[in-house]
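This briefing is intended for a reader meeting this structure for the first time. Please view the sequence and the model together before turning to the points below.

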Amino acid sequence: MTQIQERLMYYLSEHPSIINFRWNHTQSWGSTWSFLFTSISTYVCLSILLNLVLFNRRKPVPLGPIPAVHSLSMALISLTIFTGIVLSSAAEIRDTRWSWRRNRTTPFQWLFCFPLGTRPSGRVFFWSYIFYLTRFLHTLRTFIVILSRRKFSIFRVFNHSILIMMSFLWLEYSQSFQILAIAFTTLIYSVVYGYRFWTAIGFQSACFPFVINCQMVLLGCNVLCHVGVLLLHLMKGGCNGIGAWGFNSVFNFLILFLFLNFYIKSYIKNKKTKMAMTSSSESHSGGGVAIGRTRNKDI
């Protein structure tokens, strides 16, 4: 067990390629502004175009095991990034906390607020770069949903595009707060995509909106962390990448507003549907309320 832990530590936080990582426009793939805007524009256009092509199609396009494979892959990748960012953060705190004394920075504060002058290099930014790259793999979910002929959501396209842009800004400006953002996001995603894999291979889904509730938890954690960064920025005299953080905050609150709007509408709609079905069951069956409750449980 000790050897397994040592190998895990080495490959996730002590490997030379992780320790010596540097984010720059010449060596890091996808690190230019032109690539960022081109890739997001391509993703948005392809999503809209594919939806238009299949607009009159009622039946889903057969995808076979692709949705299950994608969900399993995203769950495993997210779990790997989560483990890597946690181990790398612990290693960075161990190796560099001596240099924080002049700034009176504690490890807890460092997780929220990078000292001014922080460069995008080292363990933490390696996993931030991997997280950035996996955002493109994450967008495949949009095309799976469109091909399955589920309701096309411009919110999903907007959300994925903003996630790509924000993860790019984390690296470009060494933005504070990204450690916690990556840790929370990958932890929730590993659970969400694990659940999607579970249902994709035929197992029973939860009796409540599991994915939506997980996303609500993630958005709530992000809001609390943003408040923490703002307080530390005002109290400590500055956090690195605060301009990018401001941009990040605006879009996070916009996503939260849109998601709350979607969540409330979905909840009210589902509640009205269940009440209608319950009333229908009560009026058409001798069993009355008991039968209505049984059907409600199956929904």
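The model is a predicted one, in which local features need pLDDT of at least 70, side-chain atom pairs count only at pLDDT 80 or more, and totals for chains, interfaces and linings use all residues. Residues are numbered from 1 along each chain as its sequence is written, and side-chain values use heavy atoms, with hydrogens and water left out.

**Confidence**

- The predictor's confidence in each residue is given as pLDDT, from 0 to 100; the mean for the protein is 84, and 86% of its residues reach 70 or more.
- Among the elements, helix α6 (residues 123-138) has the highest mean pLDDT, 96, while helix α12 (residues 289-298) has the lowest, 33.
- Residues 282-299 have pLDDT below 50, and this stretch makes 10 contacts (heavy atoms within 4.5 Å) beyond near neighbours in sequence.
- Where pLDDT is low, the predicted coordinates should not be read in detail.

**Overall organisation**

- The secondary structure consists of 12 helices and 0 strands; helices (H or I, at least four residues) and strands (E, at least two) are DSSP runs numbered from the N terminus.
- Of the 299 residues, 43% are buried, where buried means under 20% relative accessible area, exposed over 50%, and partly exposed in between (1.4 Å probe, protein chains only).
- Of the contacts between residues at least 6 apart in sequence, 80% join residues at least 24 apart.

**Helix α10**

- Buried residues of α10 include F210, I212, L218, N222, H226 and L232.
- G237 follows α10 and has a positive phi, near 90 degrees.

**The loop between α8 and α9**

- Most residues other than glycine have a negative phi.
- S174, in the loop between α8 (154-172) and α9 (178-200), has a positive phi of about 45 degrees although it is not a glycine.
- F177 is found in the loop between α8 and α9, and its phi is also positive, near 85 degrees.
- S174 is buried at a relative accessible area of 2%, and F177 is buried at 1%.

**Aromatic rings and charges**

- Rings of Phe, Tyr and Trp (its six-membered ring) pair if their centres lie within 6.5 Å; planes under 30 degrees apart count as stacked, over 60 as edge-to-face and the rest as tilted. The count by this rule is 26 aromatic pairs.
- W29 and F136 form an edge-to-face pair, 6.5 Å centre to centre with 75 degrees between the planes. The two residues are 107 apart, with W29 in the loop between α2 (16-19) and α3 (33-53) and F136 in helix α6. W29 is exposed, at 55% relative accessibility.
- F114 and F125 form a tilted pair, with ring centres 5.7 Å apart and planes at 50 degrees. Both F114 and F125 are buried.
- A charge sits over a ring if NZ of Lys or CZ of Arg is within 6 Å of the ring centre and within 35 degrees of the ring normal. R135 lies over the face of F131, 4.1 Å from the ring centre, and the charged end of R196 sits over the ring of Y193, 5.0 Å from its centre.
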